[in-house]
Amino acid sequence: NISQIKKIEVVRGPGSAIYGGYAEYAVISIITKNGEEVNGVNVSTIAGFTNQSYARQNISITAGKKIKDVTYSLSGFIGRGQRSNNDYRDIEGQQYNMNGNAALNPVNINAAVSWKDFSVRFIYDALNSTTRDGYVSALSKAYPLTFRNILGEIKYSKQINKQLQIHG
């Protein structure tokens, strides 16, 4: 959800020394708002339709607050969509309509709590999809395909002075 974005940084050139071996050309870093910057609850939804059915339907909820030395944030996103409602034809001439055969259903949960210089974050991210286009030939039915990531982070950050910050 775009309302959760604080800033976007583009680091041009090779960034593999900082961001890993897959950062060969550039890195796009999207920094989201922390609980203090959210300071409440935000709910948003979006929907798009084709002439035959829905194209996408999404809902996003974000909550966050700072109370004394504790800051918390929780955001969730769930959606359902379809890549197309057009006909797909493979190289052998087999054809099917993609409506109902090309789902894109994302789910994302991001929870964070910080106390003074310590923070803990949990992220669950999944893209549940279905597909019948088997690269070369059309498949007999739509098969599920899921990409799932579960991430956790425990971090300590201390600002020593304007130029020096320690992360651990």
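Me: Buried means under 20% relative accessible area, exposed over 50%, and partly exposed in between (1.4 Å probe, protein chains only). Why is Lys68 called exposed?

Reply: The relative accessible area of Lys68 is 76%, so Lys68 passes the limit for exposed. This is a predicted model, in which local features need pLDDT of at least 70, side-chain atom pairs count only at pLDDT 80 or more, and totals for chains, interfaces and linings use all residues. Numbering starts from 1 along each chain as its sequence is written, and side-chain values use heavy atoms, without hydrogens and water.

Me: What makes the phi of Lys68 worth noting?

Reply: Phi of Lys68 is near 55°, a positive value in a residue other than glycine. Most residues other than glycine have a negative phi. Lys68 sits in the loop between β4 and β5, where strands (E, at least two residues) and helices (H or I, at least four) are DSSP runs numbered from the N terminus. Asn39, in the loop between α2 (35-38) and β3, also has a positive phi, near 45°.

Me: Why is Asn101 called buried?

Reply: Asn101 is at 16% relative accessibility, so it lies under the limit for buried. This residue belongs to the loop between β7 (95-97) and β8 (103-115). Beyond its neighbours within four places in sequence, Asn101 is in contact (heavy atoms within 4.5 Å) with residues including Tyr96, Thr130 and Ala142.

Me: Why does Ile78 count as partly exposed, and what does it touch?

Reply: At 46% relative accessibility, Ile78 is neither buried nor exposed, so it counts as partly exposed. Ile78 is a residue of strand β5. Not counting residues up to four places away in sequence, Ile78 touches Gln57, Asn58, Ile59, Pro106 and Val107. The C-alpha atoms of Ile78 and Pro106 are 5.8 Å apart, although 28 residues separate them along the chain.

Me: Why does Phe118 count as partly exposed?

Reply: Phe118 has a relative accessibility of 46%, so the middle class applies. The residue is in strand β9 (residues 118-134).
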